[in-house]
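Student: Hi! Could you walk me through this model?
Tutor: Happy to, ask away.

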Amino acid sequence: MALVAFNSPSQEGRYALRRTVRTGAARRRQGRILTGAGLVLLPWLGYLAGTLPPAEAAAWVTLDALEAVCLLTAGTRLLRADARYRAPAAAAAVLLLADACIDMATAAPGTELATATAMAVGAELPLAGLCALLAARSAKASFAAN
């Protein structure tokens with residue numbers, strides 16, 4: 001029943017089909033990067049849940065789980081050439097940027113700060129930039145360009 005509410009038929013009584021377009025090599029590569037990053041986060045969630053104190057684990061696992069969902073959704077939609085990838089890409093960009101900022105702000109000086117900086121510079125900020133770029137582009141123009 002809930003799916004019918006979100007996918008109600010148009011005025012003609014037919015269900016609207018999702019718009020698909022052809023995708024180029026660059027979009028497939030970007031889709032693989034986002035999907036791979038989302039998959040890498042899944043074992044990381046288990047590590048965080050097992051090593052952090054329960055109060056901290058709840059917050060970090062929730063944040064990283066949301067990141068994984070957004071990355072996987074955007075990535076798989078890019079791979080399927082589904083034009084609805086922009087919203088999850090935008091959400092992933094915001095979550096990744098927030099994650100990098102919180103990591104840096106809460107890290108203790110020394111190796112913890114160095115690790116947070118390396119993760120921000122090496123993974124979170126580049127992924128956030130890619131997601132923001134994908135979210136800002138027109139879906140039709142981005143698929144037509146590749």
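Student: Is arginine 84 buried, exposed or partly exposed?
Tutor: Arginine 84 counts as partly exposed, at 42% relative accessibility. Here buried means under 20% relative accessible area, exposed over 50%, and partly exposed in between, with a 1.4 Å probe and protein chains only. Keep in mind that this is a predicted model, where local features need pLDDT of at least 70 and side-chain atom pairs count only at pLDDT 80 or more, while totals for chains, interfaces and linings use all residues. Residues are numbered from 1 along each chain as its sequence is written, and side-chain values use heavy atoms, with hydrogens and water left out.

Student: And what does arginine 84 form a salt bridge with?
Tutor: Its partner is aspartate 82, with the closest N and O atoms 2.8 Å apart. The rule for a salt bridge is a side-chain nitrogen of Lys or Arg within 4 Å of a carboxyl oxygen of Asp or Glu.

Student: How many salt bridges are there by that rule?
Tutor: Two. The other pair is arginine 80 and aspartate 82, at 3.2 Å from N to O. Arginine 80 is partly exposed at 44% relative accessibility, whereas aspartate 82 is buried at 0%. Shared partners join Arg80, Asp82 and Arg84 into one network.

Student: Which residue has a positive phi without being a glycine?
Tutor: That is alanine 81, with a phi of about 60 degrees. Most residues other than glycine have a negative phi. Alanine 81 is found in the loop between α3 and α4, and is buried with a relative accessible area of 6%.

Student: Switching topic: what is the secondary structure of the chain?
Tutor: Six helices and zero strands. Helices are DSSP runs of H or I with at least four residues, strands are runs of E with at least two, and both are numbered from the N terminus. Of the 146 residues in the chain, 34% are buried.

Student: What about α5, how far does it reach?
Tutor: Helix α5 covers residues 111–136, 26 residues in total, and reaches 36 Å from its first C-alpha to its last, close to the expected 38 Å. That expected span is 1.5 Å times one less than the number of residues.

Student: Where is the kink in α5 centred?
Tutor: On alanine 120, with a kink of about 45 degrees. The bend at a residue is the angle between axes fitted to the seven residues ending there and the seven starting there. Ala120 is also one of the buried residues of α5, which include Glu124 and Cys131. What covers them includes α2 (25–51), α3 (54–79) and α4 (86–106).

Student: What is cysteine 131 in contact with, leaving aside neighbours within four places in sequence?
Tutor: Leu34, Leu71, Ala89, Ala90, Ala92 and Ala93, where contact means heavy atoms within 4.5 Å.

Student: Which residues touch the most other members of the largest nonpolar core?
Tutor: Leu34, Leu71, Ala89, Cys131 and Leu134, out of 23 residues in that core. A nonpolar core is a set of buried Ala, Val, Leu, Ile, Met, Phe, Trp, Tyr and Cys residues joined through side-chain atoms within 4.5 Å. The elements giving two or more residues to this core are α2, α3, α4 and α5, and the largest share, seven residues, comes from α3.

Student: Last one: what pLDDT does the chain average?
Tutor: The average is 85, and 78% of the residues score at least 70; pLDDT is the predictor's confidence in each residue, from 0 to 100. Over residues 1–8 the pLDDT is below 50, and this stretch has three contacts in the model beyond near neighbours in sequence.
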